[in-house]
Amino acid sequence: MSKLWGGRFTKETNKLVEKFTASIEFDQKLALEDIEGSLAHVEMLGSCGIISKEDAEKIKSGLKSIRKKIVAGEVEFSVADEDIHMNIERLLIEEIGPVGGKLHTGRSRNDQVATDMHLYLHKQTKEMIELLEAVQGGIIQQAKSNIETIMPGYTHLQRAQPISFAHHLLAYFWMFERDKERLQDSLKRINWSPLGSGALAGTTFPIDRNLTARLLGFDTVYPNSLDAVSDRDFILEFLSIASIIMTHISRLSEELVLWSSQEFDFIELDDSFCTGSSIMPQKKNPDVPELLRGKTGRVYGNLIGLLTVLKGLPLAYNKDLQEDKEGMFDTVETLTGSLKLLAPMIETMTVKKEKMYQAVSQDYSNATDLADYLVNKGLPFRQAHEIIGKIVLYAIENNKYLLDLTFEEYKQFSDLFEIDIYTVLMPKQVVEARNSYGGTAFSQVKLQLELAEQKLNLY
Ligand code: ARG
């Protein structure tokens, strides 16, 4: 089979080179975008009088029938035709004869592939936004049934202050909210059309770039043809956002793993989201959150991979750019798969409210409230901190928690204590006391939930 670009060659391509340089194995994922781009291009060629309207119609119907065959799985792509663009052009010529050769008028694979990638990422980005919303919905659902569930809040993974479990979960809602905004914002840049930039310098034909942009749903066109065919920022941006999303997924997953352990015992993941051990009959392993945490690595890797490919690349197109695809496809697949699992996993997990409450009843996480108590009696905070530190030390040495100390014991440390300290120290009171905006008091968490629901338009 002769090459579509074979005119200036006297020898056949080395078979290993053919295989090494081909991208068809992975870029066939762009088949539908490629046809969409070609349909717009040929429509424009016809309407600008660059080819005849009849030829344009023939090419369009040829492309549509190839599209049908591809969707039906009836097409076999060939490595000899290197990539999806030339495979489709070959199929078109086979389908409608030499007139199919007019499709590539005023176009290069360089603006073609860039267009395909823009169209692909536009679609995927929209899909990611919806998947993120489903995760947020799952979080809201769990949060709603756990506003008054009290758990230990941590800093340094040491018990710090008791909080509402809904408050903890909702922290992730806002991370995913920002991720959604990032994706939404990136659409502005994905929506630039490179089509009509030619190989690098534009074209000699009187094309209409705005027409193709409009037909394909782009907002605007790249003003510089060199930039248009060399730019992969939009993919870098997607990989960066995906990395941030995976960071959030990974942090949440790590907490789910910790909370499922016997040491924490705060939640139980649904059986349908866990797996067993081939040797230890008692095991129920949180494989899904572990793997979500693990898959974060490959997404970061894909970002670093493309950053490295682009670093130092001279303008305009270089074959290196073909390496932009696999990492992007892999990231889309990884992220889609991860988000699809996360939503139902959160919705179906069992929250062990009593265990969480038991944990906050057996620690010193109410110590700050005792310090604040003395401050309210007029003591400077630093002095109050010192006194309560001594009380905690005393309690630890005597194997007691703060609520177990007698009033006489308290009096030894400060005259300012009154009998109401025992109310102040109750976990529920400790949570309720943090009533500042964005704090963990139940009424604040309810406000936050309302805001979250508004964001999701659940009202
Ligand atoms: N398969 C190529 C890629 O993905 C398409 C563009 C090829 N252009 C070229 N001048 N060789 O980058």
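Two strands pair if DSSP finds at least two bridges between them, and that is the rule to keep in mind for my opening stop, hi everyone. Strand E1 (residues 150-155) and strand E2 (residues 158-164) run antiparallel and are joined by 6 bridges. Strands here are DSSP runs of E with at least two residues, helices are runs of H or I with at least four, and both are numbered from the N terminus.

A quick word on the model. It is predicted, so to speak of a local feature we need pLDDT of at least 70, side-chain atom pairs count only at pLDDT 80 or more, and totals for chains, interfaces and linings use all residues. Residues are numbered from 1 along each chain as its sequence is written.

Back to the hairpin. Which residue of E2 is the bridge partner of Thr 155? That is Gln 158. Between the two strands there are 2 residues, and His 156 in this hairpin has a positive phi near 60°.

Now the helices, starting with H6. Helix H6 (residues 109-144) packs with helix H10 (residues 233-260) at about 25°, their axes 10 Å apart. Axes are lines fitted to C-alpha atoms, for helices over the stretch in contact, and angles between N-to-C directions run from 0 to 180 degrees. That angle makes H6 roughly parallel to H10; the label covers angles under 35 degrees, with over 145 called roughly antiparallel, 65 to 115 roughly perpendicular and the rest oblique. H6 passes H10 in a left-handed crossing, that is, the near helix is turned anticlockwise from the far one by less than a right angle, whereas clockwise would be right-handed.

Who meets whom? Met 117, His 118, Leu 121 and Thr 125 of H6 meet Phe 234, Ile 235 and Phe 238 of H10, where contact means C-beta atoms, placed from the backbone, within 7 Å. These residues divide into 5 nonpolar, 2 polar and no charged. Nonpolar means Ala, Val, Leu, Ile, Met, Phe, Trp, Tyr, Cys and Pro; charged means Asp, Glu, Lys and Arg; the others, Gly among them, are polar.

H6 has another partner, helix H12 (residues 325-348): their axes come within 8 Å and cross at roughly 20°. H6 and H12 are therefore roughly parallel to each other, and H6 passes H12 in a left-handed crossing. Among the contact residues are Leu 131, Leu 132 and Val 135 of H6, and Leu 335, Leu 339 and Ala 343 of H12. By class, this contact has 13 nonpolar, 6 polar and 3 charged residues.

One more pair to look at. Helix H7 (residues 165-190) and helix H19 (residues 442-455) pack at about 30°, with axes 11 Å apart, which makes H7 roughly parallel to H19. Their crossing is left-handed. The residues that meet include Phe 173 and Glu 177 in H7, and Leu 449 and Lys 455 in H19. The contact has 6 nonpolar, 2 polar and 2 charged residues.

The peptide bond from Leu 315 to Ala 316 is cis, with omega near 0°, and Ala 316 lies in the loop between helix H11 (287-310) and H12. Glu 82, which is not a glycine, has a positive phi near 65°; Glu 82 lies in the loop between helix H4 (53-71) and helix H5 (84-96).

Terms used: Contact = placed C-beta atoms within 7 Å.
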